[in-house]
Every structure is written in C-alpha cells, then in structure tokens.
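This report describes parts of one structure for a reader who has not seen it before.

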Amino acid sequence: MIRVENLRHVYKTANGDKIALDGLNLTIDDGEFVAIIGTNGSGKSTLAKHFNALLLPTSGKVFVDETDTSDEKNLWNVRKNVGMVFQNPDSEIVAAIVEDDVAFGLENLGIPPEKIRERVDLSLDAVNMTNYKNFAPSKLSGGQKQRIAIAGVIAMQTKIIVLDEPTAMLDPQGRREIMSLVKKLHAQGKTIIYITHFMEEASQAQKIFVMERGKILRSGTPHEIFTNVAEMKRLGFDVPVAAELAERLRKKFKLPKKILTADELAEALK
Ligand code: ADP
Ligand code: MG
C-alpha cells in the first residue's frame, strides 16, 4: 500500500522556489490499478519519484507499506517494493545486450548467476521479447525498448510498478502492446500506478486521480471522472471518444448518463 500525507515538494532553482507538490494526499491499495492524469507541469512526475524515494518530501510523508520513504534506512525496502518505468525508453537502457539490461538490477542485488538467468528468461517471456534477448537495444523499436524496461522491473519482482507516461514516445501499435502488458501485470496481482496523458489509457484503470497544480483535484472511477464531459473539458482534458460522442448525441436522444466505452454507447443506441 502507498499512503501520501500532505506532501509538499519544493524545487530550489536559481529563480527561486518552485512548488511542485502542494499538500497532496492519496492512498493506493495493494493490487489496485490507478491512473494519474494532469496537465503539463501539474506535478505527476515529481509525485512518481516520491513513490520510490528518488525524491524525498520537502514536508509531509510518503509511506510504502507503512515504511517512511524519508528514513534512509528504509531506502532499500522501498526500492525493493516499487519499480519505475519512465517516459523515454532510450534513457532507461543501460547495457549493450538486451538480456544484460534486464539482468542489471539483479546483479546489483547479489543474486546468484543461475537465479538471475532464470528470472531474466521469465521476464523476457512475460513481455514477449525472448527472441530478442541477444539483440542490441539500439536495434529495437521504442515499444520494444519499453517492454525491455518493463522486463527489468518484472525481474526485480517489485509488487508495485509505477509507469510515468511509458507510451508518450510510442506509436499506436507500441502503445497497445504496453497497455495490454500493464493489464496482464495487474491481473497477476501487481499494484499499477500509471501516469498518462492518453485518456483512453486512463479509462482502463480502476481509479483515476486528477492532478492540478501539485494537488489531487479529484479522484474516482473512469465512469465518474470521464462522463463529466463538460467539467473535464473545462479543466483542459480530452475525454474518451465514446463519452464525447454520447454527450453530443444526448442533445438529440435520451441516453443513459454514464457512457464511457464504444460498447456502452452501441448498447445505448440500440
Ligand atoms: P508533470 O510531470 O505533471 O508535467 P513535473 O512533476 O515534471 O510535472 O513538474 C511539476 C512542476 O515542477 C513544473 O512546474 C516543473 O516546471 C517543475 N519542475 C520539475 N522538475 C524540476 C526541477 N528539477 N527543477 C525545478 N523545477 C522543476
Ligand atoms: Mg511528467
């Protein structure tokens, strides 16, 4: 479980203090799949880095399973529980061969070589990249590189996986692959924290947190968040196409209030 209490994060810059997180509270339960959305600069990436103690609170607290991330002696425990995948696949790859890259985190843990091999093979299989294990990462597509980065996190066997806009630099095919992989990991029991600016992706989560100016503006199920079309637009968000279309059709037809998916819209139009 992750619990964030009154979290503030202030970056010190040459031009003065920049408040990135401004008294933020949230709780994420074990096994949940949550999405975090928010306009550029709302503090999503700063928040993500607090989940595994890459950043520490200026004030307030972040707990991972009741361990306080700001206590230095908990660092190892926090990192063991929370894996991170970032936006730019190129900046995440560290080794010259795919399987070495997936093994990288494990080698630092002092795990015996045969165990490492076993975990690397299983992780590559989980992301459908077994055939590429001897490839140079530079030969892979962006989507394949992100799957390698995710394999690295799977190999670490963290129970929480934080993904910060992992599909932002991918083509539609790559995005679909990452999304189906994320859903598979959730089905296997991982806690997923998925930051995205693609609303169709966010609508796959069980719960959405909407960030604005370093705070959680609201939270709710995708139906609760996205079927409030007018409000989401006012806040500067798109809504999934079916929700938008349903809103327009309501001017002519009597439709149920909460329509989010194409299937729900098709059903309502019958
Ligand atoms: P998001 O991921 O939602 O776009 P960020 O967490 O990256 O937002 O940034 C939140 C705010 O903090 C922005 O105003 C951004 O300019 C600022 N910021 C982010 N990183 C730094 C940094 N290293 N130094 C100073 N300001 C930063
Ligand atoms: Mg960001």
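## The ligand site

Helix H1 contributes the most to the shell around ligand 1, with 3 residues. This is a predicted model. The residues that surround ligand 1 are Tyr-11, Thr-13, Lys-18, Ala-20, Thr-39, Asn-40, Gly-41, Ser-42, Gly-43, Lys-44, Ser-45 and Thr-46.

Oxygen atoms of ligand 1 come close to polar atoms of the protein in several places. For Lys-44, a polar side-chain atom is 2.8 Å from an oxygen atom of the ligand. For Gly-43, a backbone N or O atom is 3.0 Å from an oxygen atom of ligand 1. For Lys-18, an N or O atom of the side chain is 3.3 Å from one. On its own, ligand 1 exposes 560 Å², and the protein buries 64% of that area. Two or more residues of the shell come from each of strand E1 (2-13), strand E2 (16-28) and helix H1 (44-51).

## His-9 in strand E1

Strand E1 also holds His-9. Is His-9 buried or exposed? With a relative accessible area of 7%, His-9 is buried, because the cut-off for a buried residue is under 20%.

Neighbours within four places in sequence set aside, His-9 touches Lys-18, Ile-19, Ala-20, Leu-21, Thr-46, His-50, Leu-55, Leu-56 and Thr-58. With one of these, His-50, there is a polar contact between side chains, at 3.0 Å. Gly-214 is 205 residues away from His-9 along the chain, yet the C-alpha atoms of the two are separated by 8.5 Å.

## Helix H7

Helix H7 covers residues 172-187, which makes 16 residues. From the first C-alpha to the last it reaches 23 Å, close to the 22 Å expected at 1.5 Å a residue.

Which residues of H7 are buried? They are Gly-174, Ile-178, Met-179, Leu-181, Val-182, Leu-185 and His-186. Viewed down the helix axis, these buried residues fall within an arc of 165°, so they line one face of H7. Arg-176 and Ala-187, on the other side of the helix, are exposed.

## Around helix H7

Several elements take part in covering the buried residues of H7. Among them are the strands E3 (33-38), E7 (160-164) and E8 (191-195). The cover also includes the helices H5 (113-126), H6 (142-156) and H8 (199-202). Just after H7, Gly-189 has a positive phi of about 110°.

Technical notes:
Residues numbered from 1 in each chain as written. Chains lettered and ligands numbered in written order. Predicted model: local features only at pLDDT ≥ 70, side-chain atom pairs only at ≥ 80, totals over all residues. Heavy atoms only, no water. Helix = DSSP H or I, 4+ residues; strand = E, 2+ residues; numbered from the N terminus. Expected span 1.5 Å × (residues − 1). Buried < 20%, exposed > 50% of the residue type's maximum accessible area, 1.4 Å probe, protein only. Arc of directions from axis to C-beta. Contact = heavy atoms within 4.5 Å. Near = heavy atom within 4 Å. Polar contact = N/O pair within 3.5 Å; in protein donor to acceptor, adjacent residues only side chain to side chain. Areas by Shrake-Rupley, 256 points an atom, 1.4 Å probe, with all protein chains shown as cover.
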